[in-house]
Amino acid sequence: MISDQIGPEMHRLITELYPICRSITGNGVRETLQILRRLIPLEVHEVASGTKVFDWTVPKEWNIRDAYVKNSRGERVVDFQKSNLHVLNYSAPIHARMPLAELQRHLYSLPEHPDWIPYRTSYYAERWGFCLAHQQRLALKDDEYEVCIDATLQEGHLTYGEYFIPGDTTDEVLLSCHACHPSLANDNLSGVALTTFLAKHIGQRTRRYSYRFLFIPGTIGSITWLSRNEPKTANIRHGLVITCVGDSGLSTYKKSRRGSAEIDRAVAHVLQYSGQPYQLLEFTPYGYDERQYCSPGFDLPVGCFMRTPNGQYAEYHTSADSLSFVKPAALADSFAKSLAVVDVLEGNRTYRNLNPKCEPQLGKRGLYETIGGSTDTRDLEMAMLWVLNLSDGAHSLLDIAERSNVQFGLLRRAADALLEHALLQEVT
C-alpha cells in the first residue's frame, strides 16, 4: 500500500537537491548521488574524460565555485550565489573587464517572460555567458563591467549512479533518469526523486524481474552506459525513462521505437484505467534518453513516462521550474502509476486452461455465486470466464485485458483463483 506521505517525502528530497549546481560532469553530480545513497545503495561509476563512447567522447569535467558581473561601483548585478541558473552551464573560466556592448553578446534572457531566468548550456563548445531576467538585463547601464566565472574545465571524469536489484530471473526492467540539471525542480529532480523512491520500494518486494536503475547525465550518460555495458542490454525486456513527473499536467507516455512493446501496452493499460485524462505519444527520435536506448543498433523496449512533455510548459528550462511548480500530489500520482506499471509487468503471465473442453463448473468449486451477488463478484466471475477462454498457452493476461476490456488487476485475481483450484497451469 502506498503511504499518504510519499508525495511530501519525494518533495522533501527534491528540496534538498534543488540548490546543487549540477551539470553533465562535476562535483554537483557526485554530491547529488551521495545524497541518494542515503536512500538506496547506489554504485557510483567514474569514466575518464577523453574516453571514446561510440561516436562521442566523454568531455572535460566542469566545476564552478563562483561567478558574477559587477558594475563600476563593485556591485554584483548578476550573482551566481543567488541562482546557479545565472551562469551559462559549462562556461569556460573568465576574469575580464568590458563595456556593456561587449557583455551583451554573452547574455541570455527571455523577453516573453521578463521575470524568469533561462537555463542555457554549452557542453560541447567552449564559450562563456550569463543568464538573467530580461527586466534585469534592461536595467543594465552603459558602464564598464567586471566579469568573473571562477570555474575549471579540465581533464576529469563523467560520473553516474547505478543500482541493480536481482530478481528470480535475469530478465531486466531498466528505469533511467537524468541527474545533470542545476536548480530545475520538474525537469530533472522530479524524475530523480521518483526513480529513487521506486528503487527503494521495489527493493523491498519479491520480484520476478531484475531491476536496473540509472542516474545519469542526459544524452552523454546513456551513450556512455550503453557503450560500457552493451552485453547487458540483451537482458533488458522493458524500460522507462522517467522525467517531468511533478507538474500538474496530464500523465503522458511516449512509446518506444517498437511502438507495441509490452511496456508500451502496460503503460497504456494503466493510464486507461487510471480514471484521469492522459495522452499517448508515438516515438520520435528527439527528447530524453529513450532516443539512445531506442537507437536502431539497440532498439530496446524503452518508453518515456512524464506529465507535461519537455518544452510544452512555459516554465521549462527557466527559474520558474521551481519548488512551488512541483506538487506533492502530482508526484504521488506519478509514483502510483509507475508502480502500477511494474505490477502489470510482474503479473503478466501466460496460462493454459487445464479443462478446455467447455466451461468448467465454477459453482461446485465455490467460484460462482448461485444467488445474484454484488457487482464486484459478477465482475470477477466475468474475468474468470475471459481467463479460462483465452488461456490457450498463447495469450498473456495483458493480451486478455486488451481483448476483454477488463482491468488487468481483476484478471490477475481471477487467474490466482483459478490456479488455486487447479484449473490453470502457467506456461513458462
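**Exercise 1.** In this predicted model, determine which strands helix α9 lies across and at what angle it runs to β16.

*Solution.* Begin with the helix itself, which spans residues 328–347 and lies across β11, β12, β13, β14 (251–254) and β16 (302–306). Then take the direction of β16 as the reference, to which α9 runs at about 150°.

**Exercise 2.** Work out the strand order of the open sheet, and state which strands stand at its edges.

*Solution.* The sheet has eight strands with mixed pairing, and their order is β1-β10-β12-β11-β13-β16-β14-β15. The edge positions belong to β1 (43–48) and β15 (278–281), each of which has a single partner strand, so one side of each is left without a neighbour in the sheet. From one strand to the next, the twist averages 20°.

Within this order, β11 (residues 172–178) and β13 (residues 236–242) run parallel and are joined by five bridges, and Val173 stands opposite His238 in β13. Helix α2 also packs on the sheet, where it touches β1, β10 (157–165) and β12 (210–216), and its direction makes about 20° with that of β10.

**Exercise 3.** Describe how α1 packs with α2, and decide whether the two helices are roughly parallel or antiparallel.

*Solution.* First, α1 (residues 6–17) and α2 (residues 27–36) pack at an angle of about 150°, with their axes 11 Å apart. Because angles over 145 degrees count as roughly antiparallel, α1 is roughly antiparallel to α2. Next, the handedness of their crossing is right-handed. Finally, the contact is made by Leu13, Glu16 and Leu17 of α1 together with Thr32, Ile35 and Leu36 of α2, which by class comprise four nonpolar residues, one polar and one charged.

How values were computed: Residues numbered from 1 in each chain as written. Predicted model: local features only at pLDDT ≥ 70, side-chain atom pairs only at ≥ 80, totals over all residues. Heavy atoms only, no water. Axes fitted to C-alpha atoms, helices over the stretch in contact; angles between N-to-C directions. Helix = DSSP H or I, 4+ residues; strand = E, 2+ residues; numbered from the N terminus. Parallel < 35°, antiparallel > 145°, perpendicular 65-115°, else oblique. Left-handed = near helix turned anticlockwise from the far one by under 90°. Contact = heavy atoms within 4.5 Å. Nonpolar A, V, L, I, M, F, W, Y, C, P; charged D, E, K, R; others polar. Pairing = 2+ DSSP bridges.
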